[in-house]
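Reader: Please take a close look at one part, the packing of the domains against each other, and then connect it with the rest. I would like the cut-offs stated as you go.

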Amino acid sequence: MQLDAKVPSGPIEKKWDQAKFDLKLVNPANKRKYSVIVVGSGLAGASAAASLAELGYQVKCFCFQDSPRRAHSIAAQGGINAAKNYQNDGDSVQRLFYDTVKGGDFRAREANVYRLAQISVNIIDQCVAQGVPFAREYGGALANRSFGGAQVSRTFYARGQTGQQLLLGAYQALERQIGLGRVTMYPRTEMLDLVLVDGRARGIVTRDLITGEVASHVADAVVLGTGGYGNVFYLSTNAKGSNATAIWRAHKRGALFANPCFTQIHPTCIPVSGDYQSKLTLMSESLRNDGRIWVPLKKGDTRSPSDIPPSDRDYYLERRYPAFGNLVPRDVASRNAKTVCDEGRGVGPTGLGVYLDLSESIGRLGIATIRERYGNLIDMYERITGEDPYKTPMRIYPAIHYTMGGLWVDYNLMSTIPGMYVLGEANFSDHGANRLGASALMQGLADGYFIIPYTIGDYLASTKLEKVDAAHAAFADAERGVKEQTARFLASDGKRTVDSFHKELGRLMWEKCGMGRTATGLKEAVVKIPELRERFWSEVAVPGTGEELNRELEKAGRVADYMELAELTCRDALARNESCGGHFREEYQTPEGEALRDDDNYSYAAAWEWKGTGQEPALHKEPLAFEHVHLAQRSYK
Amino acid sequence: MRTFSLTLHVWRQKNTKDPGGFVAYKVPEVSEHMSFLEMLDVVNEGLIVKGDDPIAFDHDCREGICGTCGFMINGDAHGPHRGTTVCQLHMRHFQDGEELWLEPWRAAAFPVMKDLVVDRGAFDRIIAAGGFISAPTGSAPDGNAILVPKPASDRAMDAAACIGCGACVAMCPNSAAALFTGAKIAHLNLLPQGQPEAAARVVAMVGQMETEGFGHCTSTGQCEAVCPKEIPIEVIARMNWDFIKASADKREAKSRGD
């Protein structure tokens, strides 16, 4: 298979303009004749559904949550980047582009990233117009803060709830279209298969999570904005319901899956406290602006943090990276935390933690300023741990947070299945091997508000689509497959819970495919995962019936998909014999312990083709050229 | 680490039509570091292994922001700890031997779907009626072309912090949705961008709130007391003020024949 990224020709700063001119248009009066399915209602899905409906398309939008307002974009805390240069501190589209390509450790497609930086400015305008209550200066202008991986202040924020406020903006735009009858909303409905007719995406099969009804939905195009797959690790900062089922089942229908091993470990999460742990809670990395990270200088120092004098502390990020200090990118901060804990200098009851200490900033700025900047985060920490960060340093440790990998898409965000588009975290496009902070919100909204509305029209205007209805054999087949899987789960007389398998898979993934990976460990994982998958299918217990609200049945379907996706993730990590961004292969590091890329052999996106359960997937490569940001060893020193 | 035991009395109801009732469960080993929902996870794991139906409850982000979770614990929405959703409530706040009664939100506008799960679709319909600023994609001026005084922006943000969980309705003796609706109206009507639709917004949203079967506000203040985001009851006063003003203006315009 030849992967065509469809990047427009011409200078990089003109590519998107050129594309917008070249993309065919659907006449305004004809748009209502086309129907589009949008799966997912987070920043990408909701902004796409609202914008497409505003243009006049008939839109159906699906989410598994009880309301589109609850998608996990809502939990993003820190902010959203944009190259506005409102601070007059040297920012520009070029600089945001450069920072993002470099931050992604040179494994993203340049043309996409440049477009993202260009569009970033429109997103802020759009969100302000919707009433998103961004932080303001006293003169009424928008405020900014700085974030990891950048030396300018370009991050817009709404206290520690930026994702919530941006999502509510998109949700309200979506609800407006629902009220106008232009979007039909299907909450508590899960996509369980993608349906192709004549090789094109023509609809989906869903299960109503309240009644269990399996139904077919037909459309002229399908848009997936269903988020990432971090929950393959069981413990992550993702919501409990966040899942990979939509993208995985689309993958099994022919969409290539790119760079699955590019998973991001966030450096500032609350450490694990026990076996019952159900998820990990992120503390926004914006805290690194005012918090200093340290561990005791000596191994096994069990004194309480206040009894450790400055001379016995190691502010290891400031020491190793004087230029960026505590604001190094996430992958670098995470790896360094692991290193100091592996040295036996970790803190807290498990020894898997480092201090994030606000005391100096409190002394310098006063408690009121710190409370205004981070009050809700600090309250959350106090609620979970019972400790007061105004008095004692917070304990943090890295956790799985975001997945840069996802379904492969071309410049127009179309997957390798014609008529199926993938937006936001669900695709692989913009962040390379590591995403910078405050860039996920930017990408989700760029894709939904400002890219898909242009690119989907080109497909619809230039494709002759046969009339299809839900009686078509392809829909009947897909429905049968969904019902058979449900029946198989319910017929199992196993004794183990879905969660117990999910936890076992997660532990294996964290050990073998987490912060440090080796060929030996990954080879073991590639053997152990299929064994676990076999046991899962024969030993899992799923109570109840398929015709009711049945959470165990929902989870079982998702874990079945993780069991396959986990194997692909390990195979991808094994095939990439280099370290880059979030993918750290211990065999490939510089003498200083930094990620060592192999640009001659691995400067490509790895796009995998499904060949069947238990079959080796086929690897296709999209070569990546770096013409504008020169390949260099990343340095934050 | 402290561990202790509890007795739960959980509302079990198979579906909307089932009358439902309380079922008691002994929970022998509760760790003080567990969240309330992690404690329920442990109970459910035990039920599944025995072949019983696990307790259904809504939850998703488990960090207090998505607004999915929520039920009554001994008559308090989200439990005894103020300013906290039930997913962020930790077991260190409970004592050995306590008996806890868990019930779903109870309001005519929030039908029970199963056990502790209710349908809050009415909230979405209130937003669809007018809880937005009409700003079609692409039509916005530069972000700094609209200056927003910091105090107005901060007050709008205070109201916009609402997570739509429904605790205000559940706690209100009248099952009123005034705090939820008032919070969204305050968020949008306090901002310059919200002015063109301010009057229409409040009339439409209040109308929808009544259509959905929520009760009237009699200022008992229960909503403010249990709101996990501590939305102040002033948003209701503001909604009433905006509503009266919008209604009077509308009547006047009508009598002028506008």
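**Domain packing and its surroundings**

Author: The centres of domain 1 of chain A and domain 3 of chain A, taken over C-alpha atoms, are separated by 26 Å. This is a predicted model, in which local features need pLDDT of at least 70 and side-chain atom pairs count only at pLDDT 80 or more, while totals for chains, interfaces and linings use all residues. Residues are numbered from 1 along each chain as its sequence is written, and chains are lettered from A and ligands numbered from 1 in the order in which they are written.

The division of chain A gives domain 1 (12–262 + 404–462), domain 2 (265–398) and domain 3 (488–602); such bounds come from an automatic or database domain assignment. In chain A, 28 residues of domain 1 are in contact with 30 residues of domain 3 (C-beta atoms, placed from the backbone, within 7 Å). On the side of domain 1 of chain A that touches domain 3, β6 (189–197) and α7 (245–252) each supply at least two residues (helices, H or I, of at least four residues and strands, E, of at least two are DSSP runs, numbered from the N terminus). That side of domain 1 of chain A has 17 nonpolar, eight polar and three charged residues. Here Ala, Val, Leu, Ile, Met, Phe, Trp, Tyr, Cys and Pro count as nonpolar, Asp, Glu, Lys and Arg as charged, and the others, Gly among them, as polar.

Elsewhere in chain A, strand β11 (residues 263–269) has seven of its seven residues buried, so it is largely enclosed by the rest of the structure. Buried stands for 20 or more other C-beta atoms within 10 Å of the residue's own, with C-beta atoms placed from the backbone. Five bridges join β11(A) to strand β15 (residues 394–403) of chain A, in the antiparallel sense; strands pair if DSSP finds at least two bridges between them. Within this pairing, the residue of β15(A) opposite His266(A) is Ala399(A).

Chain A also meets chain B, through 65 residues of chain A and 69 residues of chain B. In chain A, two or more residues on the side that touches chain B come from each of α3 (43–55), α5 (110–130), α6 (162–179), α11 (367–385), α12 (440–462) and α16 (551–575). The largest share, nine residues, belongs to α6(A). By class, this side of chain A holds 24 nonpolar, 22 polar and 19 charged residues.

Chain B has eight helices and seven strands, and 51% of its 258 residues count as buried. Its two domains are domain 1 (3–114) and domain 2 (120–255), with 30 Å between their centres over C-alpha atoms. Domain 1 of chain B gives 18 residues to their contact and domain 2 of chain B gives 17. Nine nonpolar, seven polar and two charged residues make up the side of domain 1 of chain B that touches domain 2.

Chain B also has an open sheet of five strands with mixed pairing, in the order β2-β1-β5-β3-β4. At its edges stand β2 (21–31) and β4 (76–77) of chain B, each with a single partner strand, so one side of each is left without a neighbour in the sheet. Strand β1 (residues 3–12) of chain B runs antiparallel to β2(B) and is joined to it by nine bridges. Leu8(B) has Tyr25(B) as its bridge partner in β2(B).

Note on methods: Contact = placed C-beta atoms within 7 Å. Buried ≥ 20, exposed ≤ 12 C-beta atoms within 10 Å, placed from the backbone.
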